[in-house]
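Please read these notes with the model open beside you. They are brief and keep to what can be checked on the coordinates.

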Amino acid sequence: MTAGWDPAVLDDDALWAACEDDCDGVAVDVLAEQGMAAVDAYDVSGRPPLLAVAMHRLRLVIEGTEEGDPIRPEIATMLGSVFRVGAAVVGQPDLLDDAVEACRIAAEEGDGPGYQSNLGAVLLARYALTGEEADLLEAMEASSAAVKLAADDDPDRRSYWVNWSITQRMLGEERADLELLSAAVDAGETACGLSAADAAQITPLLVLEDAVLSRYQYGGEPADLDRAVELAERAARRSQEEAESRTLACSHACTCRRLRFEANGRPADLDAAVEWAEQAVVLSEEEDYDALIGRAIILTRRFEQNGQTVDIDAALADARRAFGLEPAVAATLAKILISRAERLGEVADLDEAVELMRAVADDESPALLADLGSVMSARYDATYEQADLDAAIGAFDKGLELMPSAYVDRLAALANAANAYCSRYELLGTVGDLDRAIELAAEALDGLPPDAIDRIPILANFSLACRQRYESRGDREDLELAIAAGEQALLLLSDARGHEYAHVLSGLSACRRTRFGQTGDRDDLDWAVAAARQAVELTSDGDSSMCGRLTNLAVCLLSVYETTAHAASLDEAVRVGRRAVEQTNSGPGPLATAATNLGNVLLTRFELRSAPYDLDDSVAAARRAVELTPTDSPFRVARLSNLANVLREKAFRGVEGAADESVKAAELAVGAAEPGDPMLPGFWSNLGLALSTRYDVHARGEDLDRSIEAFREAVRTAEGSEQDALMYRSNLGMALRQRGVANDSQADLDEAIAVLQAVTAADWGGHPDSAPFLLGLGNAYASRVDRSQDPADLAAALSTWRRAAEVIGSSPAVKLQAAQSLGDTAMANGDGTAAASGYGAAIELLTSVVWRGLNRVAQEQLLIGLRTLAASSAAAAVESGDPARAIELLEAGRSILWQQNIHPRDDLTKLAIVDEKLGQRIAELSNALMAGG
């Protein structure tokens, strides 16, 4: 071959054949000339075979020369550049290894700054592919050497400072090091200063803008974001530049404006971002896929803000065109389809996004696998098909396995994978999924600086997973981790509004409410209630998160009632719980949790007021919770136990078949529970209650024996809350008293009294739950009186019932039962005064038990059960020598419904003086009641 050989005129076959030529006998200067000619021809035509020829000829030059030959540094640096371009053009990343080796030869043997700068550039290219920090550190050394070696009059000095800025920025991002990012800004400032004689240069401005923007993203200073906007827009306005450079600058300006909109919510920034994106597309004549995808992204963002379908349709058109130009944007197209689906409910968009990602996903590409996982997760969130969730987790796991630890998108993939595992736990209840979610989220958090705003959603989900694991395993450390993570996320949020704030607030509310259940610290409960309310207020109707946030608020309100006996809190809990189960756009997991909670709240209100419809609705809610829960889910255990509990109340009121169904559900729950489940004591207790109730219905002694054994298991396995342990002991005591009466067993009665004495001796602090336990102890004393006729037991029974009837805030039905038992027993033992006192208290409680909120049929059913109370009260008053009181009690007991009809006409003047608004509101309600008949 001659020195005049022209590769530009050869066809591709001839060029590929030239690459096979060993070029024996060809001088190295000729080989160098041929290689350079191939490079020049490639720059004109872009034909890949020309690159192959250039690589072949220039490599032969390096192999044919020795260190010290003056031609080697120039040829080596050119060979490195050719390898770098070839890696991108022909899709062979391993060519970057050859590029690095070639540029190292140039840097080691040459003495000019350009060789160092080129080495830094190829090392950065390989780092971008592999994420190996060693490449980045070597690039730092090379770029720094180029800056130091450059003479003041070196025409390329500005480009060396540009590369130095880029390298420091990338290492600063890798290490989340604000000092390095500030150094990158300083280097960018120097590069821009060197551009004074050529003010039209866009590149230094954009490099400086990149450094300033990165410092904002890691440091959070609004001034940096404003500066980035100013720099990008100054570059975009450089009309002297060629269209390609201006297109890039307009895209940068769009990105900066978008980020500022996301930071401050000002519509002007969003509109400006759209305008810059439009300019970028126009300048590129709609042939630059980067410009098209940039406009698609910002139009999608505006659609998410204002809901205008014209924006999302235009975004999809741009993304589809960009995909036609460059299939690598498939993931962005898929995300835009997901955005439209989430807002407009088009499942077909989700299906298209899934098929799109499945078509391009490569089992060897970690980025595409992570994107496939995100798409599959999004479709699961819409359809709740477990297969999609399992596929998402499989894609995330495979992608993470392939990703190097320093991979640029690894943190996002870790966070998304953690969310997917949390979703599967909420669906199936497998605690192993929680363990994995916590592990992934912790790794993602470890990779972010303490003050990075990207930590916020990860911290929130880490908090959720830790709380859920605490609820499953009972490890107090998990609860404290959950609270600490939620508090960190709250501190990082600069704006107390919006979806993210509501997400963090609701999660931390649930954590502190849970801790209140363990410690009884009222500050935790008060904070939890206030935060839960605010989270609901910040959540828009139709948001899939609304169900969970309403459920959390309802549980908080139930805790307030259980602590304070404030009935209005219980009523509000019911209203909020009903709203939660109406959120049909939520998944089966949140809806099942909401239904479980509603059933519990309604059962609590039924126990307070005895309204039959509350019990009916409670059973319906408990059944729905079980139906929504997969048969192999651990959550099903607790929901079966809850169903057993509400069915027991049905059985107690004579509903046929309810007793057997209650026992069956409770047995299934106990049988399916794991030995270490912290809820196991409650399952045993519910089984004991179900068996005890079935004994009441069918009088089978074996049920009573089994109930006592179940209660003993509840006491034995109880750990954690002392209040729960007291409840289990109380249930045991009441069952022992029941068997003592049935079998005339002194031993059972003695044990029952001993157990219940210990329960009632605990420090209840006036808690309303103490009343039923006092009632049970009074009943046990009375049962022993029947057998022993011991006056001390009689006195203890009367005294204990009196205490039960006086507990503030307890169920009126329980208090009435205690007062009536006091009256009946005292009257039977000739103590008319004590009897009159007990009956009088019972009569006073009638209006609370047979309250106006019940319908007429329910009121009459309750009064039938209490039909002898008025006559017994009057008889006791006569016996005690107070006939006037007898008449009062008789009339009060016989005219409950009549009194309720006339009470709306009561004078509210005094109330209006104390609270004008409350008085006015009650007057309005009174008028409404009267109008309604």
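Predicted model: local features only at pLDDT ≥ 70, side-chain atom pairs only at ≥ 80, totals over all residues.

1. Is I458 buried or exposed? I458 is buried, at a relative accessible area of 9%, where buried means under 20% relative accessible area, exposed over 50% and partly exposed in between (1.4 Å probe, protein chains only). The residue I458 sits in helix 22 (residues 455-473); helices (H or I, at least four residues) and strands (E, at least two) are DSSP runs, numbered from the N terminus. Setting aside neighbours within four places in sequence, I458 is in contact with A415, A441, A444, L445 and L448, contact meaning heavy atoms within 4.5 Å.

2. Residues are numbered from 1 along each chain as its sequence is written, and side-chain values use heavy atoms, with hydrogens and water left out.

3. Overall make-up. The protein has 45 helices and zero strands. Of its 933 residues, 51% count as buried. Among contacts with a separation of 6 or more, 61% come from residues 24 or more positions apart.

4. Helix 13. The 17 residues of helix 13 (residues 267-283) should span 24 Å at 1.5 Å a residue, and the end C-alpha atoms are 25 Å apart, which agrees; the expected span is 1.5 Å times one less than the number of residues. Its buried residues are D269, L270, A272, A273, V274, W276, A277, A280 and V281. Their cover includes helix 11 (222-236), helix 12 (243-264) and helix 14 (289-306). After helix 13 comes E285, with a positive phi near 55°.

5. Salt bridges. The structure holds 64 of them, a salt bridge being a side-chain nitrogen of Lys or Arg within 4 Å of a carboxyl oxygen of Asp or Glu. One of them joins E443 and R410 at 3.0 Å, N to O. E443 lies in helix 21 (residues 431-446) and R410 in helix 20 (residues 410-428), so this pair ties together parts that are 33 residues apart in sequence. E443 is partly exposed at 32% relative accessible area, whereas R410 is buried at 12%.

6. Two further pairs. R424 forms a salt bridge with D433, with the closest N and O atoms 2.9 Å apart, and both residues are buried. R784 and D750 meet at 2.8 Å, N to O. R784 belongs to helix 36 (residues 770-788) and D750 to helix 35 (residues 746-761), so the pair ties together parts that are 34 residues apart in sequence. R784 counts as buried at 17% relative accessibility, and D750 as partly exposed at 31%. Elsewhere, salt bridges that share partners join D226, E233, R237, R257, R260, R266 and D269 into one network.

7. A further residue to look at. S692 is in helix 32 (residues 680-698) and counts as buried, at 12% relative accessibility. Not counting residues up to four places away in sequence, S692 touches S707 and Q738.
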